[in-house]
Amino acid sequence: MSESGAVEPEAEAGRRIATEARERVRFEEEALELADQVYRVARRMVSTREEAEELVQDTYARAFRSWTSFTPGTNMRAWLLRILTNLNTDRGRKLQRTPDLQPLEESDYYLANKVAASEGEQALDQERVVERLSQGGVVDALAALPHDFRDVVVLVDLGEFSYADAAQILDVPIGTVMSRLHRGRRILKQKLAEETLT
Amino acid sequence: MTAHDPDCEKCEELLQGYLDRDLTQTEVVIAEGHLDRCDYCRRRYRFEEHLRRYIRVSASERMPAGLLAKLSELRGPTADGL
């Protein structure tokens, strides 16, 4: 058999297994270091804390099973979020979510104009003026976004992913990311104006 | 200068791309040239910048205690001698 070269000597096989185990442990540790950042994005993609915890656990279970498909040196946070958004989409299909209506959004200055109308034009110069919007209102307005728009806004504005990373995570063209992001932000500002400014 | 000024309308169109640093050099020059002259738009750009930060802070929720331990339990079997 030795002339075929197909059988690894025992010691070499042992070393190979040990190397792979070390790589796996390193992968797992790196992934766990990102857990808080992954959770923060997940939390705003679903309605409840419990759902977010479950989604992150499912994501890590899958990531740990298929760790060899991760290319070392690439963006692991984006890789994890790709798994997470896929799982979330599957889950959404199972729940038979009603299709989102395409809302008509206001212009980009809409919210600033509303704030200026109620607080005065000079108020826009002060950073604290945004605190007129309640933090709970921000969370509610995000949750009320149609989910295609929300996912992009959450990835870029909360997760601070680039357009390119967001495109890869959601498996859509970069132009789609940009248009959903721009429209999603406008819808968000419209909701903030309606829900938290009285 | 008001929202109905065509220069302001153009500046409003450039707002998101400007804050995302996703404009062409020509567009940056147009936006910045207008912002230098226009309090109305400059205030709205500044508001948007503050708003973005506020949204990020308001919507960010830390991972619950205990989740990290649950995730660690999902790891593969620990090989001996590592």
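Helices here are DSSP runs of H or I at least four residues long, numbered from the N terminus. With that in hand, let's walk through this predicted model.

**Stop 1: chain B as a whole**

Select chain B and colour it by secondary structure. From the N terminus on, its elements read α-α-α-α, which amounts to four helices and zero strands. Now colour chain B by burial: of its 82 residues, 23% are buried.

**Stop 2**

Next, show α1(B) together with helix α2 of chain B, residues 25-37. Two packed helices are described by the angle between their axes and the distance between the axes. For this pair, the axes come within 9 Å and cross at roughly 120 degrees. That angle makes α1(B) oblique to α2(B), and the crossing is left-handed.

From α1(B) come B:Asp7, B:Lys10, B:Cys11, B:Leu14, B:Gly17 and B:Tyr18. Facing them from α2(B) are B:Glu27, B:Ile30, B:Ala31, B:His34 and B:Leu35. Sorted by class, this contact has six nonpolar, two polar and three charged residues.

**Stop 3: the loop between them**

Most residues other than glycine have a negative phi. B:Arg21 counts as exposed because it has 7 C-beta neighbours inside 10 Å.

**Stop 4: where the chains meet**

Bring chain A back into view and select the contact between the chains, which takes 32 residues from chain B and 38 residues from chain A. On the chain B side, α1 (6-19), α3 (39-59) and α4 (67-73) each supply at least two residues. Which helix gives the most to that side? It is α3(B), with 13 residues. Coloured by class, the side of chain B that touches chain A divides into 15 nonpolar, six polar and 11 charged residues.

Zoom in on B:Ala59, which belongs to helix α3 of chain B. B:Ala59 is buried, since 20 other C-beta atoms lie within 10 Å. Leaving aside neighbours within four places in sequence, B:Ala59 is in contact with A:Arg44, A:Val138, A:Val139, A:Leu142 and A:Leu158.

**Stop 5: helix α8 of chain A**

Move over to chain A and select residues 163-170, which form helix α8. Its buried residues are A:Asp165, A:Ala166, A:Ile169 and A:Leu170. They sit on the same side of α8(A), because they cover an arc of only 120 degrees around the axis. An α-helix has 3.6 residues a turn, so residues three or four places apart point the same way.

Now look at what follows the helix and what lies ahead of it. After α8(A) comes A:Asp171, with a positive phi near 60 degrees. In the loop between α7 (147-158) and α8 of chain A, select A:Glu160. Phi of A:Glu160 is positive too, near 55 degrees, in a residue other than glycine. Is A:Glu160 buried or exposed? A:Glu160 is exposed, with 12 other C-beta atoms within 10 Å.

How values were computed
Residues numbered from 1 in each chain as written. Chains lettered and ligands numbered in written order. Predicted model: local features only at pLDDT ≥ 70, side-chain atom pairs only at ≥ 80, totals over all residues. Arc of directions from axis to C-beta. Contact = placed C-beta atoms within 7 Å. Nonpolar A, V, L, I, M, F, W, Y, C, P; charged D, E, K, R; others polar. Axes fitted to C-alpha atoms, helices over the stretch in contact; angles between N-to-C directions. Parallel < 35°, antiparallel > 145°, perpendicular 65-115°, else oblique. Left-handed = near helix turned anticlockwise from the far one by under 90°.
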